[in-house]
Amino acid sequence: MRFNVAAAAASAALLAGGVSADDSQKVLKDESSSSTVAEAATSVSPVEVPTFTPTKLKAPFLEQFTDGWDARWKPSHAKKETGPDTEEEWAYVGEWSVEEPVVFKGMEGDKGLVVKNAAAHHAISAKFPKKIDPKGKDLVVQYEVKLQNGLECGGAYLKLLRENKALHQDEFSNTTPYVIMFGPDKCGHNNKVHFIFNHKNPKTGEYEEKHLSSPPTAKIVKTTELYTLIVHPNNTFLIQQDGETVKEGNLLEDFVPSVNPEKEIDDPNDTKPEDWVDQARIPDPDAKKPEDWDEDAPYEIVDEEATMPEDWLVDEPQTIPDPEAQKPEDWDDEEDGDWIAPTVPNPKCFEVSGCGPWTKPMKKNPDYKGIWSAPLIDNPDYKGPWAPRKIANPDYFEDKTPANFEPMGAIGFEIWTMQNNILFDNIYIGHSVEDAKALADETFFKKHPVEEKLEEAEKPKPEENKPSSPSDLKFTEDPVTYIKEKVDLFVTIAKKDPVEAIKFVPVVPAGAAALLVTFIAILASLVSGGSSPAPAVKKAAKDVKEKAKDVKDKAADAVATGTEKAKEATKRNTRNQS
């Protein structure tokens, strides 16, 4: 009888628990077909990148950072004010550059304004050709942000600066008055898209920041993201990310502090009367402690009905000298004193309910009542919670049109960030929702799909059809991994419960037996005088024998270990119950 490599493969296939002969033949297919599939899978068609073309759209302010941008944008050289509580002084030393992106470039020739330094304060601004007055009009603010190195801590927001003839770009700083602040900001778990506007109190003339109470979350990705803010004259607004609306609201309802103050306020001169009773319930003054109430009764008492377990070893100590401990060779009795072996728990105590003197356990005292206190009753003198009376708010005003923001004269980026290479591009400030959308169609919606494809191409390719768990493995797809995972799973379960392992992974003990039978059959055929097998067959037979022995040893060791642990757990459970 002749044997070939297919016989060895078929014997190993028995470990799959019912793998057919046809399946085992699939393992021996020509490798050329699989290599062809692999080459086809790894071949990626190049991504077509569009070319940037400057827009012909017009707007009060539209910036694409084309030639001449440095005539409009001026970096600040001011000092950043940090307040009276600190002596630190920060300078805007961060550098700026206009360049094409270096990460996922989605459009050829498309340049943007780039933050060049990490862990630095940056400030730069550009004046509008003429002031932008949004009174009675839609206000649209839109720009692109590309976080080429991600964003762990820092801002990527813009500021629309209040029209001011005294505004000098060299002195632009965190204290420069602004009308609107809009854009992403993240540090640690704080991640939001800011929308803040400064509102002028018509009575005092003072300005106060109004913060969007529930801002949306910024997308922290390395592809370009499009942020759009639209404020309508009726005080409604919406925020969009990548053209999708993520927040809608009203300037009069969704900002803190609110635009308009309360009509009435608490009277600061009103005080609570001394005889005001605001305690709703009081101890019952007529209640008396029952005569049989024993406040001294203990919470626990000795269980007089308890008896000592029969296997309790009274004469056995709970600890004994360690029989394996040895006196150190350098121990000197004269200098160090008599050597005493360290103690260890007495192993005999683990086999019974306990050792040493036995005492009756404690149990809860059925007569325990604790300290007596009078029950509570409704207070007949209760008047309710006290509150100061209301008076008319002397500072009250009503602004019905907060969307009539003050005129704006410039745009600025004043940020601190731990990550560099933040890129800003395609800024639109104006009054046309349609034009802003058209600009996005020309730029963002052309480059963004390309960037996503580039990002996807850089991701590590997951192994095709890789099983998520050992139960999903198929012998025909990867025999070696199949056998290894099944044996490891069997050993892991068997260490805790051998019977459960045999039930859950029956293919391991069954496969081990099948391998042994196959091996014996091969040996018998060889001894019977058959023709000399090929070297490949001998090697296959040897591999099968070693695999069978390894499976058998692992299974036996796991079963033995699991059985011992099971016995020990049973014994301890018995002691605990007693």
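Q326 is exposed, with a relative accessible area of 68%, because anything over 50% counts as exposed. This residue belongs to a predicted model. Q326 sits in the loop that runs between strand 21 (319-321) and helix 5 (333-336).

**Around Q326**
- I340 is 14 residues away from Q326 along the chain, and 9.5 Å separates their C-alpha atoms.

- In soluble globular proteins, nonpolar side chains tend to be buried together.
- The largest nonpolar core here has 57 residues, and those touching the most other members are W73, Y143, I180, F182, F195, F413 and F424.
- Another core, of 7 residues, lies apart from that one and includes Y482, I483, F490 and V507.
- Beyond its neighbours within four places in sequence, I180 is in contact with L139, L158, K159, L160, F195, I196, F197, L229 and F405.

- Rolling a probe the size of a water molecule over the atoms shows where empty space is left.
- The model has 1 cavity of 30 Å³ or more.
- The largest cavity holds about 70 Å³ of space.
- Its lining is made up of P101, K105, G106, M107, D110, E144, K146, T224, L423, D425, K447 and E451.
- Strand 8 (139-147), strand 27 (422-430) and helix 8 (444-458) are the elements that each give two or more residues to the lining of the largest cavity.
- Sorted by class, the lining of the largest cavity has 7 charged, 3 nonpolar and 2 polar residues.

Definitions and conventions: Residues are numbered from 1 along each chain as its sequence is written. This is a predicted model: local features need pLDDT of at least 70, side-chain atom pairs count only at pLDDT 80 or more; totals for chains, interfaces and linings use all residues. Side-chain values use heavy atoms; hydrogens and water are left out. On a 1 Å grid over the protein atoms alone, a cavity is a set of points where a 1.4 Å probe fits but cannot get out, and a pocket is an open set with protein on both sides within 12 Å along at least five of seven lines; lining residues have an atom within 4 Å of a point. Grid points are joined across faces, edges and corners, and a volume is the space filled by probe spheres set on the points. Helices (H or I, at least four residues) and strands (E, at least two) are DSSP runs, numbered from the N terminus. Ala, Val, Leu, Ile, Met, Phe, Trp, Tyr, Cys and Pro count as nonpolar, Asp, Glu, Lys and Arg as charged, and the others, Gly among them, as polar. A nonpolar core is a set of buried Ala, Val, Leu, Ile, Met, Phe, Trp, Tyr and Cys residues joined through side-chain atoms within 4.5 Å. Buried means under 20% relative accessible area, exposed over 50%, partly exposed in between (1.4 Å probe, protein chains only). Contact means heavy atoms within 4.5 Å.
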